[in-house]
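Subject: Structure handover

Hello,

Here is the structure we talked about, with its sequence. My notes on aromatic contacts and on one helix follow below.

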Amino acid sequence: MKVLCLHGSFGSASNFKAQLGPFIDKIEQNGSMKFKWINGGHSAIPPKGFEHYFGHPPLYRHIDFEGISELDDMIDKIRDMPSGMTAEDTIRKLIGEAQMHEAGPVQTALDNLQQILEDDPEIDGILGYSEGAMTAATLILEERRRWEEEGRPRRIKYGIFFAGWPPVQLQNGRVKYLLADECDNVIDIPTCHIVGCNDPYIQGAMALFAMCEEDTATMFDHGKGHTVPRDPRTIKELATVIEESSRTQACM
């Protein structure tokens, strides 16, 4: 299996590869997976005060983002979010009526990724972190739509999501977040979801998990925050989960 890797906001292929280094080394030991690293299609400048937080520049995003003020509002809302809400209710309250993404940049991102798949016929899996997880999930559903409406063969057979966020879909020129209690769309390929119970964005990851076929979706909680696990014990356990869940797609 060859897995396309999508970094998070304010990331890069080189930084993401280093970030996932211990995990990748462990997975590649048995030769069952290899990985392709790409930069997002848009340059990104970190927020003031975080210039050195995200790693060495240049940095990128997969989806060009114009709603910075809306993002600031969402971060403030997360701090005040009451406990006990479902993941879907949390996302609805966070997003409200704000248009977090524009249709054009989302379509451009999907077109860019489709071209990467066309150029590399070996790719049959995808991995994403944070914004990259949302983008990867959106691509999987777009592939399903094209297959159902146009008969275009699907390429992605397996998904790995670190610290995810629910996918989006273009509807009548607008971008809509897809939530499991509002739509019939489902990510019907095997997936593995790596989450941290102390992640302030944990409800985003849970909303993505709920969008996936429950019989083939696996969750791994590393017990930390909005990060990628790196300690040897956790990496060993995670590698086992990935290898087991990825074998599911080979049987489909």
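F16, F35, W37 and Y129 are joined into a cluster by ring pairs. Please keep in mind that this is a predicted model. Searching the whole structure gives six aromatic pairs.

One of the pairs is formed by F10 and F54: the ring centres are 5.0 Å apart and the planes meet at 45°.

The accessibility of the two partners is as follows. F10 has a relative accessible area of 13%, which is under the 20% cut-off, so F10 is buried. F54, at 25% relative accessibility, counts as partly exposed. F10 has a further neighbour in R61, which lies over the face of the F10 ring, 5.7 Å from the ring centre.

Now the helix. In α7 (residues 202-210), the buried residues are G204, A205, A207 and L208. Viewed down the axis of α7, these buried residues fall within an arc of 160°, so they line one face of the helix. In general, an α-helix has 3.6 residues a turn, so residues three or four places apart point the same way.

Regards

Technical notes
Residues numbered from 1 in each chain as written. Predicted model: local features only at pLDDT ≥ 70, side-chain atom pairs only at ≥ 80, totals over all residues. Heavy atoms only, no water. Buried < 20%, exposed > 50% of the residue type's maximum accessible area, 1.4 Å probe, protein only. Helix = DSSP H or I, 4+ residues; strand = E, 2+ residues; numbered from the N terminus. Arc of directions from axis to C-beta. Phe/Tyr/Trp six-rings, centres within 6.5 Å; stacked < 30°, edge-to-face > 60°. Lys NZ or Arg CZ within 6 Å of the ring centre and 35° of its normal.
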